[in-house]
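Student: Could we go through this protein together? I would like to begin with the overall layout.

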Amino acid sequence: ILAQAKSGLKLRKMSTCPLGYGDTKAEDQAKVPHDQAESSTKAEPLSGERERSTIPSADGSNFLYPSEKQFYASATAKGHQLNPNDMSMVIAIHNAVNERTWQDILKYEWLHHEDCAEPKLIRFLGRPGELTPKARLGSLFGRTLPFDRHDWHVDRCGKHVRYVVDFYDGQQSATHPVSIHIDARPEVSFDGLKD
């Protein structure tokens, strides 16, 4: 899934998420009433099973990924158009991207392994449409803008650390029709710059 981001010589518009997200800010998206989103999922044969991630939470258990039914209801409530028949693939990509993001964060956390052998994820926050300074600067030099951004909040054995994650379209190929480049890094702060 992880591949190099596309590059170009001129400023490009924000890239589009291979799953159909990223063209609008969350606050601009149409809201569908909760009961309407629920009824649209009841008619679809979507799975309610949730997969356990490898990502430890602050309470010691591992995070659970959303089920097909939960993901579909959430996405359609935010105004996204999804084909219910694609949900098993959407969930597989979503989960793989999150697992890879955690592995990328752990590379930075390894720098602190003597102080904290087991960092845990407190929460993550999706911030679609909000550009990081790095993404904005890269766009001035022709790099495609990310289709999504997250902030991942990590508990480093009592110390709260924030990571910034930009998600870019990767280089697609015959063997990788969906390719996502993940740029996970510590926030810009004194401690983040040391990492």
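Tutor: From the N terminus on, the elements of the protein chain follow the order α-β-β-α-α-β-α-β-β-β-α. Helices (H or I, at least four residues) and strands (E, at least two) are DSSP runs, numbered from the N terminus. The model is predicted: local features need pLDDT of at least 70, side-chain atom pairs count only at pLDDT 80 or more, and totals for chains, interfaces and linings use all residues. Residues are numbered from 1 along each chain as its sequence is written, and side-chain values use heavy atoms, with hydrogens and water left out.

Student: How many helices and strands are there in the protein chain?

Tutor: The protein chain has five helices and six strands.

Student: Which strands make up the open sheet, and in what order?

Tutor: Four strands form an open sheet in the order β3-β4-β5-β6, with antiparallel pairing. Two strands pair if DSSP finds at least two bridges between them.

Student: Which strands stand at the edges?

Tutor: These are β3 (120-126) and β6 (180-186); each has a single partner strand, so one side of each is left without a neighbour in the sheet. On average, neighbouring strands of this sheet are turned by 25 degrees against each other, direction ignored. Axes are lines fitted to C-alpha atoms, for helices over the stretch in contact, and angles run from 0 to 180 degrees between N-to-C directions.

Student: What packs on the sheet?

Tutor: Helix α3 (residues 87-109) does, touching β3, β4, β5 (159-169) and β6. The direction of α3 makes about 35 degrees with that of β6. Contact means heavy atoms within 4.5 Å.

Student: How many bridges join β3 and β4?

Tutor: β3 and β4 (residues 148-156) pair in the antiparallel sense over six bridges. G126 stands opposite H150 in β4.

Student: New topic: where is Y65 found?

Tutor: Y65 lies in the loop between β2 (62-64) and α2 (68-77).

Student: Is Y65 buried or exposed?

Tutor: Y65 counts as buried because its relative accessibility is 6%. Buried means under 20% relative accessible area, exposed over 50%, and partly exposed in between (1.4 Å probe, protein chains only).

Student: What does the side chain of Y65 make a polar contact with?

Tutor: The partner is the side chain of E99, at 2.7 Å. A polar contact is a pair of N or O atoms within 3.5 Å; within protein, one must be able to donate a hydrogen and the other to accept it, and residues adjacent in sequence count only if both atoms are side-chain atoms.
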